[in-house]
Every structure is written in C-alpha cells, then in structure tokens.
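Thanks, I will keep this short. Please have the model up while I talk.

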Amino acid sequence: MQLSDKLKKQSIGWLLISSLIIILLLIPNINILLNLFTDTSENWQHIKKYLLMDYIKNSLILIISTGLLTALIGTLLAWLIAAYEFPGRAFLSWALLLPLAIPPYIGAYTYAGLFSYTGPFQVLLRKRFGLVVNQQYFDFMTMRGAIFIYTIFLFPYVYLLAKSFLAKQSASLVEISCLLGKSATSIFFKVILPVSRGIIVAGASLVMLEVLNDYGVVKYFGIPTFSTAIFKTWFGMGDLTSAVRLAAIAMGVIFILLYLEKLLRGGRQYSYSTSQIRPLKRKKLTGGSKYFATMFSFSIFGLGFIIPVGQLLYWSYLSDGSKWGNLLEYSTGSILTGLLAATLVIIAAIIVANTVRINSGILSNLFARITMLGYSIPGAVIAVGILVFLLQVDQFISWLMQPFAIEINMFLTTSLVMLFFAYLIRFLGIGFNAVNSGYQKIGTKFFEASRTLGKSVTATFFKVDLPMIKPAVLSGFLLVFIEVMKELPLTLILRPFNFNTLATRAFEYAADEMIYRAADLSLILIFCCTIAILLVNQLRKGREDASEN
Amino acid sequence: MKINNLSFKYEKNGDQILNNFQLEVNKQETICFVGPSGSGKSTVLRLIAGLEVPLSGEIFIAGRTVVNDQVFIPPEKRKVGMVFQDYALFPHLNVAENISFGLGKISKIDKSRKVNEMLDLINLNGFANRYPHQLSGGQQQRIALARTLAPNPRLLLLDEPFSNLDESLRDEIRKELKNIIKQIGITTILVSHDQADADFMADRKIFIYS
Ligand SMILES: Nc1ncnc2c1ncn2[C@@H]1O[C@H](COP(=O)(O)OP(=O)(O)OP(=O)(O)O)[C@@H](O)[C@H]1O
Ligand SMILES: [Mg+2]
C-alpha cells in the first residue's frame with residue numbers, strides 16, 4: 001500500500017491540521033535542543049561548576065522520594081477502597097481525589113504557616129501546654145517538608161489509576177488467591193502489587209513529572225531545583241543561554257526517567273482481555289481492621305484537604321475581607337483563561353485523536369506520543385523554548401513589515417498568544433488521552449457503518465463520533481481546565497505585563513508573606529477545581545455504569 | 001460486481017490474506033462466502049466496501065471501477081450497503097434517525113415516508129422512536145438491514161447476519177431476510193459459518209480457504 005493510496009482512503013484535511021499542531025508542538029522543544037550546540041556564557045561555567053550538581057541532586061531526591069511515597073499511599077488507599085467495605089468508604093472513594101484541587105504551592109504555604117512559630121499549632125502548644133518546641137523539628141520549609149507536600153497533594157494520581165484498575169481487573173486473581181488460602185496481606189503484596197505494577201508506575205511517573213514541573217513549592221521553600229534555577233538564571237541574571245542549557249539538561253533527565261518508566265512497566269498492558277472484566281466484590285471489614293481502614297483513609301483526606309482548607313478559611317476570616325473588586329477581577333480572569341485554554345486544547349486534541357484513529361500506522365503512533373511530550377517537560381523548560389521561538393517569529397514579523405513602514409514590535413511575545421500557545425503545548429497530552437480513551441471505547445465500527453452509509457470522514461465525525469465521545473471530551477475539557485487553573489510556572493514566565501490569575505496572585509501574596517490575602521484567592525481557586533473534579537468523577541461514573549449494561 | 005486479481009495484507013510485513021482473488025457476481029444474485037475462520041471472508045467484504053485498500057487488483061461495481069492501481073473511490077461514494085456483524089446501530093440515535101441516517105439531503109416528508117416504508121418492509125412499525133438498547137437482538141438486526149437498504153445501495157454485504165441470534169430466531173429471520181432480498185432484487189454477498197444458512201440463502205456458494 002503506497003502512501004498516496006492510504007491518503008485516498010483517509011481524509012487529508014485532518015492529517016494536515018494535525019501535522020501542523022504536532023509541528024507547532026515540536027518547534028519550541030527542538031529549539032532548546034539546538035541551543036545545546038551554541039556557545040556558552042561565562043556564567044554557565046560558574047553554574048556548571050558550583051550549582052548544577054545541586055540542582056540535579058535536589059530534583060532527583062524530590063522526584064524519587066515523592067514517587068515512592070505516592071506509589072505506596074496511592075496503591076494502599078486504592079486497594080482499601082476497591083476491595084473492602086468499611087465506614088465512610090463511599091464518601092472517601094471520591095473525597096480522596098480532592099487533594100488534587102489544591103495546588104501544591106498553596107498547600108506548601110498553608111502548612112508552613114500552620115506550623116510556623118506564630119502559627120496556630122505552636123501557639124496552641126505554647127499557650128495551652130507551655131511547650132516551646134525545637135524549631136528544627138517544626139520547620140516545614142525543608143526538603144522533607146517539600147516531599148510531604150508533594151506526596152499529600154499528588155498521591156491521587158496513583159490512587160485514581162490504581163483504583164479503577166483494581167476494581168475492574170483484579171476480581172478473578174483475588175478470588176483464586178483467596179481460594180488458595182492466602183491472607184489479605186499476602187494477597188496485597190504477592191498478587192495486587194505485582195499485577196498492578198504497570199499502572200502504579202504510570203501513576204507515579206505522572207506524579208514525578210508534576211514534581212519536576214513544580215516551581216511554587218521549591219521556590220517558597222528555597223530549594224534549588226531545575227525549575228527555580230531556570231527562573232533565576234533567566235530573570236535574576238538575564239542569562240537566557242544558560243537557562244536554555246539548564247532546560248536541555250532537564251529534558252535529558254526526563255528522557256531517562258521516561259525510559260526507566262518503560263522498563264519498569266515491563267511492556268505490560270494495562271488491561272487483560274476485555275471479555276473477562278468482572279467488578280471486584282468488596283469484602284466487609286470487621287473489628288479493628290474496620291476502624292483502621294477508616295482512620296487511615298480519613299487522616300490522609302484530612303491532611304490533603306480538610307486541614308489546608310480549614311487553615312485557609314481561618315486566615316480568610318482573620319483577613320477582614322479582601323477587596324471584592326480585586327477578587328472578582330482575578331477570579332473571572334482566571335476562569336475565563338481556564339475555559340478558553342481548555343477549549344483550545346480540547347479542539348486540538350480532538351483533531352489529533354481523530355486523525356490518529358483513522359490513520360493507523362507509524363505516523364499515528366508518533367503523533368500520539370508527541371502529544372505527551374509537553375506534559376513530560378517542566379513548564380519552565382517549555383516557557384524557555386516558546387519564548388526563544390516566538391522572539392524569532394516576532395523579529396521575522398518586524399522584518400517583514402519594515403518595507404511598509406509599519407512598526408510591529410514584539411507583537412506575539414507581549415500578548416496572551418504566547419501564554420495560550422504554551423498551555424496548548426503543555427496540556428495537549430491530557431486532552432488527547434481523554435479523547436482517545438473515548439474513541440477506544442467506541443471502536444471503529446460506528447465510523448465504518450457511517451462511511452458505508454454515504455458520510456465522509458468529516459460528516460461522520462460530527463454526526464457519529466462527536467456525539468458518542470461527548471462524555472470523554474467533557475472530562476478532557478475539565479481536566480485541562482483544572483490544570484490551567486492551577487498552573488504556575490508557565491503563567492508566571494509567559495503572561496503579559498499586568499496579567500494575573502488566581503494562581504499567580506496567590507503565589508505572589510504568599511511569597512510576600514501576605515498570607516491572609518492569598519487565602520481568599522486560594523479558596524476560590526480550590527473551590528473551582530473541586531467542582532471540576534467532582535464533575536469529572538460524575539462523568540466517569542456515568543460512563544462506567546453505561547459500559548456495564 | 002466483479003473482482004480481478006485482488007491481493008491484500010493488513011500490515012506491511014504481515015501475512016498475505018488474499019492472493020489474486022477472483023470473483024464475479026451477477027445482477028440480483030445472492031452468493032455466500034463459506035470457509036474456515038480467519039480465511040479472509042470479512043476482509044473481502046471490507047475491500048468491496050472500501051474500508052480497506054488492496055495491495056493490487058481491481059474491483060468493479062455496477063460497471064464502475066471502484067478501485068484499481070489509479071482509482072480509489074472512498075466508501076461513502078460506493079453505494080455499497082453493509083450490515084455489520086454486531087449491527088453497529090448508532091446508540092445516540094433512535095430507530096427512525098438510524099434508518100434515515102444515510103438518506104442525504106432530502107425533505108423531511110420524503111424522509112419520514114422512506115422510514116415508514118422501511119419499517120413496513122421489516123415489519124417493525126411503531127418502533128420508530130425506540131433507541132437501539134431498547135430492542136432485542138433480532139429487532140436490532142432488522143433495523144440495521146433497514147438502515148443499510150434505505151439509501152438504495154447497488155450491492156448488499158452481510159457479514160455473518162445470523163451469528164448473534166439464537167437458534168429459535170434463526171429460522172424465521174433467515175426466511176424474512178431472503179424474502180426482503182428477493183423483494184427488492186438487490187445483489188447480495190453474505191458470509192456465513194453455517195452450511196445450512198448458506199444453502200438456504202444463496203444461489204451460489206463460494207469457498208474461501210486460508
Ligand atoms: N485489522 C486487522 N489487522 C491485522 N490482521 C487482521 C485484521 N483483521 C483481520 N486480520 C487477519 O486477517 C485474516 C482474515 O481475517 P477475516 O476477518 O477476514 O477472516 P474471516 O474469514 O472473516 O474469519 P471469521 O470467520 O472468523 O470471521 C485473519 O488471519 C485475521 O487474523
Ligand atoms: Mg469474519
């Protein structure tokens with residue numbers, strides 16, 4: 001089959017637009033890699049000699065510890081919720097997702113404030129019990145603190161994946177092990193962990209990528225990592241070449257990480273043959289283990305949601321009200337940005353996913369992979385790539401316009417275009433995965449039926465595909481919306497002058513020790529994300545119920 | 001309908017499923033493919049419908065070349081109707097919308113007339129507003145047939161039309177299907193595992209070996 005024949009079979013328009021999206025996505029990244037071969041500044045020698053090892057070491061410690069801890073906690077909770085019946089299970093099943101509504105940097109300043117010398121915890125100890133504790137143990141702004149923060153706010157990634165995997169896939173294995181007389185603990189360690197290894201690794205690597213992407217927590221705690229280093233060399237020292245070089249090294253670390261992930265997953269598929277799917281029957285816990293399960297799950301939920309939100313509410317109460325005008329301005333700005341970016345991303349995701357589906361082959365596989373690239377690479381790194389690229393485009397535009405005596409300077413790099421472009425690159429993968437899972441669920445038969453009934457690829461898309469994948473599209477949209485709302489490093493670097501979101505403003509207030517002010521903004525942000533998470537969860541449930549019929 | 005020297009494989013370096021396959025079907029004839037599982041019966045139907053592109057060879061339908069070395073007519077322009085093994089009724093559309101799906105741009109009145117005509121044909125009047133999940137397997141199959149026949153295709157392809165039905169229904173559906181095919185006089189190719197089905201339905205049987 002020649003390529004031209006293939007194209008005749010498919011619709012070429014979809015392929016062209018998708019290719020364009022993919023190329024746009026690749027350029028900034030390639031830009032960074034190309035910059036590896038340019039000359040370095042003197043500053044770079046200094047960074048390399050004295051600082052680089054620290055960045056690498058700190059980043060590695062953070063991602064590895066967080067990865068392990070979230071894998072452990074996430075899987076344990078997933079197993080409890082999927083396999084056992086205990087008081088509060090139904091509530092916890094969705095409540096344990098809510099820590100995702102709190103951006104880690106907000107969690108970071110909340111916990112740091114909670115445990116500081118003047119924070120409620122130490123005050124209580126001093127006033128009530130006359131205890132003055134050793135500050136060393138209560139200093140949250142350390143590596144340990146950062147690991148705690150990441151773990152408690154990011155474990156739902158593992159929890160969510162592992163839970164639905166276990167609930168659907170493990171029934172027969174568990175039953176057989178029970179029949180063979182294995183105890184619950186030995187089933188967990190000998191059966192559950194090994195069979196769900198792939199999915200746990202997948203969840204944990206999402207967490208690790210998030211940690212590597214994070215700027216807010218490490219900046220606030222003063223831990224030098226790649227993200228903070230890129231910010232510092234670029235804005236602090238005005239040294240773009242060194243920032244690019246750091247970005248390139250970070251990309252190297254990520255490629256190693258992704259390669260390791262592949263190895264660890266062991267080429268294992270997520271799902272067993274679909275015909276055998278049977279939901280896992282939950283076992284009723286009794287006696288002590290019942291209370292242990294409830295207590296354990298509730299305390300994680302408390303740490304990941306109730307305590308930080310409670311603290312924020314308390315601060316908000318103390319702050320005798322922010323200016324409503326400002327709150328409204330930042331909120332609408334943020335929400336509009338989120339909705340607009342999510343729309344843009346999901347449209348691009350649908351186009352690419354549809355193309356990938358109708359053109360099976362190497363190219364499609366490649367496209368699917370490249371969409372995830374942006375999500376794998378830290379925001380600060382993408383930001384560098386995009387800025388370098390758009391500066392070139394801007395220069396080109398001014399050069400083009402010169403003969404006409406029109407002066408267009410820095411058109412792209414000073415507008416919101418740049419920021420939205422960045423969101424597209426970073427979050428296309430999330431949208432794509434959601435849409436793609438919708439497509440996988442419906443398969444190709446409806447598409448083919450429609451084609452034989454006289455409808456073109458595009459007509460089929462609007463009449464058949466889109467209505468059928470609507471829930472998947474909607475979840476993808478909401479997931480991207482949540483991410484954009486929480487996003488910090490990209491927005492901080494690429495936003496136009498005077499443009500603020502809830503996230504950037506809350507972060508700046510917190511960094512300036514104006515925590516009361518940050519509280520209101522954070523609460524609105526958390527509220528929006530909570531709603532979105534609950535909606536996604538509802539959609540998932542709907543789809544799962546539908547597929548069981 | 002005529003097939004000349006058709007060759008095909010699914011992947012670049014996969015097994016060749018068809019090698020210089022030849023077939024000629026006369027107007028208004030019903031033929032049935034029989035052969036072991038995996039021999040490529042469904043594949044031939046997919047090639048005729050335009051859902052796959054052959055390595056080489058030619059297919060003519062009603063005197064028109066639909067595929068050869070230079071030409072490839074996409075499935076939506078071939079006027080070939082195909083009933084899928086699991087029917088593939090659109091779950092978001094009701095019966096009437098499913099049947100009128102392939103009718104193209106015609107007036108509402110013409111559309112509903114056609115839908116009623118088709119429902120008459122398959123004996124399912126009064127089901128127009130149901131959704132596919134509210135229908136039995138046999139009813140779904142008949143709706144799928146109506147949906148396929150509504151745009152007046154020049155060729156009807158049926159991939160294992162009886163495999164999803166239980167024994168008791170089979171006899172009845174078989175008779176009904178044969179009646180409908182003869183009534184419209186459409187050229188038909190069907191695939192079946194079952195010798196009895198093939199004998200009953202087809203004017204001619206074609207054996208396909210792997
Ligand atoms: N999408 C595909 N990709 C790769 N190989 C395929 C694909 N579909 C079918 N095949 C292979 O092509 C061969 C022929 O398949 P086909 O479905 O045409 O057989 P069949 O005669 O219809 O079988 P059955 O009677 O079981 O339906 C089989 O060996 C099958 O494994
Ligand atoms: Mg078949």
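Chain B has an open sheet of five strands, with parallel pairing, in the order E6-E7-E8-E3-E9. Strands here are DSSP runs of E, at least two residues, and helices are runs of H or I, at least four, numbered from the N terminus; two strands pair if DSSP finds at least two bridges between them. E6 (80-83) and E9 (204-207) of chain B are the edge strands, each with a single partner, so one side of each has no neighbour in the sheet. On average, neighbouring strands are turned by 20° against each other, direction ignored.

This is a predicted model: local features need pLDDT of at least 70, side-chain atom pairs need 80 or more, and totals for chains, interfaces and linings use all residues. Residues are numbered from 1 along each chain as its sequence is written, chains are lettered from A and ligands numbered from 1 in the order written, and side-chain values use heavy atoms, without hydrogens and water.

Within the sheet, E3 (residues 30-34) and E8 (residues 187-191) of chain B run parallel and are joined by four bridges. B:Ile31 stands opposite B:Ile189 in E8(B).

Now the helices. H1 (residues 41-49) of chain B lies across E3, E6, E7 (155-159) and E8 of chain B, at about 150° to E7(B). H5 (residues 167-184) of chain B lies across E3, E7 and E8 of chain B, at about 165° to E7(B). Contact means heavy atoms within 4.5 Å; axes are lines fitted to C-alpha atoms, for helices over the stretch in contact, and angles run from 0 to 180 degrees between N-to-C directions.
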